[in-house]
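Dear colleague,

I am passing on the structure below, followed by notes on what was found in it. Please read them alongside the coordinates.

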Amino acid sequence: MASSAGFTEIKAEVDAPAHYQAQDALAEVAGWIEFESRLSVRILLRQLKTLRDSAGWRFLTILPSVSPAAALVWWGLIFIRGALPAAFAVSVGLLTRAIQLQANIEVALVWMAAIFIAMNAIAPIHDALSADLGYRAGSWLHGRLIQSCVNPPGLQHLERPDLAERLERVRTFDLGVEGPPLVTAIPAIGTGFAYNLGGLVQAILLGAYAWWAPPLIAGAWIASHVLLRSSAAWKVHGSEPVVRESRRAGYVYRLAVDAPAAKELRVFGLGRWAVELVAASRRKVVDITLHEQRLRSGPVRWGLLVVAVAHALLFWRLAADAASGRIGLAALVVFAQAAFGASALASSEVDWWFRGVTEPIPSLLDLGEDMARAGSLPNGDRTASGLPASEIRFEDIRFGYAPEQPVLAGVDLVIPAGTSLAIVGANGAGKTTIAKLLCRLYDPTGGAILVDGIDIRQFDIQSWRARIAAIFQDFIRYDMSLRDNVAPLGAPDDEVERALEAAGTGDLATLDTVLSRLHEGGTDLSGGQWQRVALARALCAVQIGAGVVLLDEPTAQLDVRGESEIFNRVLEATRECTTILISHRFSTVRRADRICVLENGRVAELGTHDELMAQRGRYQRMFDLQASRFRADEAEAEFGGSAL
């Protein structure tokens, strides 16, 4: 009571006409509140603009594309969770008023209990939905990333250094290597948004007390949030040192846990080395983050001062008005709770989750457009069905992966349909580049490749590629069944078995056997066995419609005898096809109808094995050099007494 009397006396003094100094002080306070309110509005508008330009905003705009229904429910639960704390404050006020009036309190208690239960029940439901939405978003973004890589018909977007660097930066965005995955982050983001919205709604609730209360309290917390934001972890999460060390740790971690590197790690005793590298990189990330997270004393002091002054003014007025009877106890309880609840506006944890986790999203989305442009190739409308019927002709073909580094400098070459051609040459001569151009993974910068007189750029790309069965040296080893390795797009079992028989692997395994011991009942293959499976893949493609067979050193892991056997099998199985073999083994290429020697980006020699040997030129010197490496008895056993 004494305290109440004291407040009454203070209020009376303020209202007394004689106390002009108190009125002047109130006028100054009102002016400060108006200034602070305008500043808060400016800060809020600036924050909204920053949000619209941010990575987080772009992420929010894709959620409806990920799952419209889930995104709608997710936002709806955020708004419900944001409104419930203010509703709970009001229900407490209603209960207080009912107690004051000695009225029936059952209704007020039921409302308060219902709101309290809803606050605690909706949170886990929202978290579960958020996790599901995060999983969907991660899958959707990975799908976009995959499409960015596979949709462009060319290869330049995957082999250009700048795009490869950008791809490396974003490919691990949702794997937990450089930050938590979206399935973990979205629940924290949803909860953070709900807290912030709850703080804003409770600040707005103060408007029922006075017009200046919402901007005063909300502005104070927002101002402190802005002042302290410079120490938040999200600012360094995407920095170059953190990304570099995280990527390094992720790479070494994969070395340690993936099977391909297991042998060398053990033989060379690199296990401890791998563990120490991962630990050192992780420590660097933590050290950098902690260093940047240290709160600066200046922003902390200013933030505390702003919050303290704002709340002091509000509670002073609340106390004065409650003491004078302008507001009752129930209203005081509601407004005091709302003032405390508005502190949720200062929650900065959502910054780390929202800003940090979504930072790679714009790069990922923009990368698709840039890769589409880089890997685009003009698509024709002619069908390549049944071609070539006459020939494949290279006319003055020029090409370079960089303008200043030409690889092909005017290749002229004719390959009659139904014949075999072997291409040989030193490393860097352009052999594989010719294969890429023929598959139309790139287009020549000069000249043209003609199929029966038609530029292959006039063909529909998929129609032309359907005519090619190509196996490269770095062929894919699918971690799938033998059937799927031979015919990934499907083929009748008898066709698959015939292709395996032609490749010399008819008794390798059953068609349903998974070619990996990581699967129950699976099996591992040797390098030579894998190469035979890859050749069976090409032969199966021939059986279902391909007319051009391109072999770019696919038998490098076989010995001379094995490669010779395989090539004989290929020639036998593709007698009606146009076959192009790129190899460094002359024991194999000598069996081709013609041999092309590439040198300095041009055709240096062309002819049969006997013709080229008779010329005693580049081919003969390379042949003799390789032949000298084999013992005479091995050569005789392999080739019936011939030199090689």
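Helices (H or I, at least four residues) and strands (E, at least two) are DSSP runs, numbered from the N terminus. This is a predicted model, in which local features need pLDDT of at least 70 and side-chain atom pairs count only at pLDDT 80 or more, while totals for chains, interfaces and linings use all residues. Residues are numbered from 1 along each chain as its sequence is written, and side-chain values use heavy atoms, with hydrogens and water left out.

The mean pLDDT (the predictor's confidence in each residue, from 0 to 100) of the protein chain is 83, and 84% of its residues reach 70 or more.

Aromatic rings of Phe, Tyr and Trp (its six-membered ring) pair if their centres lie within 6.5 Å, and planes under 30 degrees apart count as stacked, over 60 as edge-to-face and the rest as tilted. The whole structure holds 13 such pairs. Trp75 and Phe193 are stacked, because their ring centres are 5.9 Å apart and their planes at 15°; this pair links helix 4 (residues 68–100) with helix 8 (residues 182–205), 118 residues apart.

Best regards
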